[in-house]
Amino acid sequence: EALADKHGASTAGDTPMMPEGSTPALSPQGVPYTELSHYINADGQHIFSRYWKPSGSPRALMFIVHGAGEHCCRYDDLAQILTALNFLVFSHDHVGHGQSEGERMTIHDFHIFVRDNIQHLDLMKKQYPDLPIFMCGHSMGGAIAILTVDERPDDFSGLILISPLVLPSPQSATSFKVFAAKLLNYVLPNLSLGSIDPSFVSRNKKEVEAYTTDPLVYHGGMKVSFGVQLLNATSRVEKALPLFKVPVLLFHGTLDKLCDIRGSHVMIDTIQSEEKTLKVYEGAFHALHKELPEVTSSVFQEIESWLQQKLGGTGSSNIV
Ligand SMILES: O=C1CC[C@@H](CCC(=O)N2CCC(COc3ccc(F)cc3Cl)CC2)N1
């Protein structure tokens, strides 16, 4: 609540446009937004936001960007690792996801996700003007992260991508399906393309169970119109890659059926960043941060040492 006030999020009391005695805005789960940290996006929608603060004073910021159908509270484990490194971690639920407003998994322009990201980034830059900022995106959140960094290249010290959406997977976007989706988008935009198969998310049965039973995860079908926006995103990402200069740490599993690993190979070969690393995990599925213990612990260790090195832990070139 205090954080929400500090970030200028409106609360019922001081929202002039709310007439006396009217009911406060409620989250999709029926919780008044006066009780949730949030900000209001450019379309006036309440965007649920989350902050994980270190015990000491923060030495950097990490902006976590979640994927399609899920929500930012699924990143609690990763956030704990980062607060232990004295990062202040922040994130939010994209419009139409989790505890934010908006029709479930519905977007008429992918750029809205990027616009809302930049608004949150600016809120945090105002609050912590002198801290370096990193971003970590997963899957569709990876595409949103790439496009956010592309718009604000000077705001970020590094980008971490966990199986990002760069190229659509061959199953979900055969040339026929792409053609059909674009055509259908005019006649049946709300037609369902089918939902994400939970067994594709991870080999870790507990994590698949957690995903399947999570009430904040959207398990409905993906609309044609949403699929078309994802295709729109992949083509915008491909255009952004040749100009990309920010340090990148990439992770991808070889058996990922939701986002094609070829996308990460294309990315690592195309970006101009001097510091770029791709870690491939043999046999791993999509959500590497929620995979079998040996995979997830390795990913978290790699993230830790990469960040320590970036923050001038050892061998940074900026010591004069
Ligand atoms: O932990 C977790 C739980 C959820 C998962 C993240 C899911 C996510 O974000 N995906 C996976 C599905 C992918 C479908 O892609 C398309 C579909 C139709 C289409 F027409 C064009 C495309 Cl490109 C988009 C990206 N991770």
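Asn86 sits in the loop that joins helix H2 (76–83) to strand S4 (87–92). The model is predicted: local features need pLDDT of at least 70, side-chain atom pairs count only at pLDDT 80 or more, and totals for chains, interfaces and linings use all residues. Residues are numbered from 1 along each chain as its sequence is written, and side-chain values use heavy atoms, with hydrogens and water left out. Helices (H or I, at least four residues) and strands (E, at least two) are DSSP runs, numbered from the N terminus.

Start with the backbone. Most residues other than glycine have a negative phi. Asn86 has a positive phi, near 65°. Asn86 is partly exposed, at 27% relative accessible area. Here buried means under 20% relative accessible area, exposed means over 50%, and partly exposed lies in between (1.4 Å probe, protein chains only). Met105 also has a positive phi, near 45°. This residue belongs to the loop between S4 and helix H3 (111–127). Met105 is buried, with a relative accessible area of 4%.

Now step into helix H3, where Asp116 is placed. Is Asp116 buried or exposed? Asp116 is buried, with 2% relative accessible area. Leaving out residues up to four places away in sequence, Asp116 touches Tyr39, Asn41, Ala42, Ile47, His92 and Val95. Contact means heavy atoms within 4.5 Å.

Helix H7 comes next. The axes of helix H5 (residues 175–187) and helix H7 (residues 224–240) come within 9 Å and cross at roughly 125°. H5 is therefore oblique to H7. Axes are lines fitted to C-alpha atoms, for helices over the stretch in contact, and angles run from 0 to 180 degrees between N-to-C directions. Angles under 35 degrees count as roughly parallel, over 145 as roughly antiparallel, 65 to 115 as roughly perpendicular, and the rest as oblique. The crossing of H5 past H7 is left-handed. That term applies if the near helix is turned anticlockwise from the far one by less than a right angle; clockwise gives right-handed. H5 contributes Val178, Ala181, Lys182, Leu184 and Asn185 to the contact, and H7 contributes Val224, Ser225, Val228 and Leu231. These residues divide into six nonpolar, two polar and one charged. Ala, Val, Leu, Ile, Met, Phe, Trp, Tyr, Cys and Pro count as nonpolar, Asp, Glu, Lys and Arg as charged, and the others, Gly among them, as polar.

H7 also packs against helix H4 (residues 140–151), at an angle of about 45° and with the axes 10 Å apart. H4 and H7 are therefore oblique to each other. H4 passes H7 in a left-handed crossing. On the H4 side the contact uses Met140, Ala143, Ile146, Leu147 and Asp150; on the H7 side it uses Phe226, Leu230, Ala233, Arg236, Val237 and Ala240. By class, the H4 contact with H7 has nine nonpolar, no polar and two charged residues. Ser235 is partly exposed, at 30% relative accessibility.

Finally, the cysteines. How many disulfides does the structure hold? It holds zero. A disulfide is a pair of cysteine sulfur atoms within 2.5 Å. The closest cysteine sulfur to that of Cys136 is in Cys72, 13 Å away, too far for a bond. For Cys259 the closest is in Cys136, at 14 Å, again too far for a bond. Cys136 is buried, at 3% relative accessibility. Cys259 is buried, at 3% relative accessibility.
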